[in-house]
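This briefing covers selected strands, cavities, a helix and some backbone details of one protein model. Please keep the sequence and the structure at hand while reading.

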Amino acid sequence: MSNTETSAEAAASASPKTESNARQHLETYRVYVVTWNVGSRFPDNISLRQLLGLHDDASGDAADYLPDIYAIGLQEVNAQPQQQVLGLFKEDPWTHKAKKLLRFYDYVAVKTEQMQGLLLTMFVRRPHVEHIKDMESEFTRTGFGGIWGNKGAVSVRFTLYGCGLSFVVAHLAAHDHQLDERIEDYKQILENHHYHVKRYREIYDHDYVFWFGDLNFRLEGNDSATEVRDALRDDQKHDELIQRDQLYQVREKLQQAFQVMHERLPAFPPTFKFKEGTSEYDMKRRPAWTDRIMYAVQPLNRLPGLQLAIEQCSYKSHPAYNISDHKPVTSDFTIKLFPNYRAPGVNFSPLGVWSIGDEYTVEYRKQPEFEEGPNDWIAVYATDYASLSDYVAYEYVNQAESPNSSDSNPERDYFETPAPAPRRRHHQHRNRQRLRRQQEANSELVRLDFADDVDLRHGEQYLLIYFRSTGLRGVTSISGVSGTFVAEKRRGSPHRTEYHVD
């Protein structure tokens, strides 16, 4: 095992006594999953509100029914070379549109993972952000024998309130006769998906697993597309058709794939294949339930007297969306988590006014069992940040000198370890010993200096987030969030005013 893995595991583990006390109470949380093959289309002139189950009111009683987690999985996102190059500098249009809508409801995009046309974006409600631990992404190519990423899976896993969650979005082999290839794709994904978090090395190690996407399973039998369409007009024949669904067969009957997953059988019409721009089936293909959402709870991780539980509360398609030849599918779940569970982290000292143009010292205490990672960093965010990639500035904790990247970088996609900024004149710290440590009785006090070139706006409110990180594409935990502070121009500025943070 590498030193990186060892340190990641050490930070993820609380003491047995602390963990035991925190796992004495379960509460219910909501998870909302979306899958949609968008057929290389862009989200122009469409609203995602109905797809995401949102109402106009984002406060009061309506807020109580909002999901705690959104998992949005898309297939066949436009992955032309020019789009992939553009994606290096800004987020894809689908993530941007979802973020723009969900920020009004106080959600934060915590992770986006893309492999060619396969895209997974995770949003959580803001109060949960500081409790996300050991976040990691993975991908597996299955196209052309594992060489090409047009088919395969991407996933995001993290630990929240003491439970491990894995979200896997997949796009499997197409066409009626390719059932064996779909089963093989599933096996390849299981064999090649590996995480670097203690207890949660594989997909099925997790307490909760959500597996969804354009799985491309079709109907057994030789009936024509017209016969299938006509049968769908008879409610009684709907059940007969679903019994011939290939996914149902390989999962329930033959147990060749997804046998540990569960699914409420679709009560909605097949979601493929439609004439684009309509809700009329395209008779070039037999209608099929290609777009699915499954779930599992890991029984081996249940505790005596406190069983984890999951319920699939809704499962439906959204026929009003017609930009592609698939209809989107959503499912709403409730799960049980341990709300009192807390992993070791850091506690920021109260922050005063940040004087723009001056160096600024941040002070925090490391909790006794918290261990720093090799690439930890502290980032500055506006208080209304909508994504963890929206940091304004950052400083590494363990590097001898500050990187050149204290300036704004709001479009960064990978935030496990910040990327170097474009070449520019580097503003050196006046205080060369920018990181000072002081041992106390039960903790370590750390002071870290930010450079004087941080691009803050006068009168705006900000906060700090401490990221424990093993490096780019590594394991990342949010290990501390500060209170808010105000940025202010230097003393003597004619525009200087006094601000107070509640």
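In what order do the 4 strands of the open sheet lie? The order is β12-β14-β18-β17, and the pairing is antiparallel. The model is a predicted one, in which local features need pLDDT of at least 70 and side-chain atom pairs count only at pLDDT 80 or more, while totals for chains, interfaces and linings use all residues. Residues are numbered from 1 along each chain as its sequence is written, and side-chain values use heavy atoms, with hydrogens and water left out.

**The open sheet**

- Strands (E, at least two residues) and helices (H or I, at least four) are DSSP runs, numbered from the N terminus; two strands pair if DSSP finds at least two bridges between them.
- The edges are formed by β12 (346-348) and β17 (435-439), each of which pairs on one side only.
- On average, neighbouring strands of this sheet are turned by 25° against each other, direction ignored; the axes behind such angles are lines fitted to C-alpha atoms, for helices over the stretch in contact, and angles run from 0 to 180 degrees between N-to-C directions.
- Strand β14 (residues 360-366) is joined to strand β18 (residues 444-450) by 7 bridges, and the two run antiparallel. In this pair, Tyr360 stands opposite Phe450 in β18.
- β17 and β18 also run antiparallel, with 5 bridges between them, and Leu435 stands opposite Leu448 in β18. A hairpin through 4 residues joins β17 to β18.

**Strand β1 and its partners**

- β1 is largely enclosed by the rest of the structure, because 8 of its 11 residues are buried. Buried means under 20% relative accessible area, exposed means over 50%, and partly exposed is in between (1.4 Å probe, protein chains only).
- 9 bridges join β1 to strand β11 (residues 329-337), and these strands run antiparallel. Val31 stands opposite Phe333 in β11.
- With β2, the pairing of β1 is parallel and covers 7 bridges. Here Tyr32 stands opposite Tyr70 in β2.
- In a regular strand the side chains alternate between the two faces of the sheet.

**Cavities**

- A cavity is a set of points, on a 1 Å grid over the protein atoms alone, where a 1.4 Å probe fits but cannot get out, and its lining residues have an atom within 4 Å of a point. Grid points are joined across faces, edges and corners, and a volume is the space filled by probe spheres set on the points.
- The count by this rule is 2 cavities of 30 Å³ or more.
- The largest cavity has a volume of about 60 Å³. Its lining consists of Val34, Trp36, Leu48, Leu51, Leu52, Ile72, Leu74, Trp94 and Ala98. The elements that give two or more residues to this lining are β1 (27-37), β2 (69-75) and α5 (93-102).
- By class, the lining of the largest cavity has 9 nonpolar, no polar and no charged residues. Ala, Val, Leu, Ile, Met, Phe, Trp, Tyr, Cys and Pro count as nonpolar, Asp, Glu, Lys and Arg as charged, and the others, Gly among them, as polar.
- The second largest cavity holds about 50 Å³ of space. Ile72, Leu74, Trp94, Thr95, Ala98, Leu119, Thr121 and Phe123 line the second largest cavity, with at least two residues each from β2, α5 and β4 (118-125). This lining divides into 6 nonpolar, 2 polar and no charged residues.

**Helix α6**

- Helix α6 (residues 179-192) has 14 residues and reaches 20 Å from its first C-alpha to its last, close to the 20 Å expected at 1.5 Å a residue. The expected span is 1.5 Å times one less than the number of residues.
- The buried residues of α6 are Leu179, Arg182, Ile183, Asp185, Tyr186, Gln188 and Ile189.
- An α-helix has 3.6 residues a turn, so residues three or four places apart point the same way.

**Loops and backbone details**

- Most residues other than glycine have a negative phi, and most peptide bonds are trans.
- The peptide bond from Phe272 to Lys273 is cis, with omega near 5°. Lys273 is in the loop between α9 (246-253) and β9 (291-297).
- Gln255 is also in the loop between α9 and β9, and its phi is positive, near 55°.
- Ser40, in the loop between β1 and α3 (61-64), has a positive phi near 65°. Ser40 counts as partly exposed because its relative accessibility is 31%.
- Pro127 lies in the loop between β4 and β5 (132-143) and counts as exposed because its relative accessibility is 52%. The C-alpha atoms of Pro127 and Asp106 are separated by 8.9 Å, with the two residues 21 apart along the chain.

Definitions and conventions:
1 Å grid on protein atoms, 1.4 Å probe; cavity = no way out; pocket = protein on both sides within 12 Å on 5 of 7 lines; lining within 4 Å.
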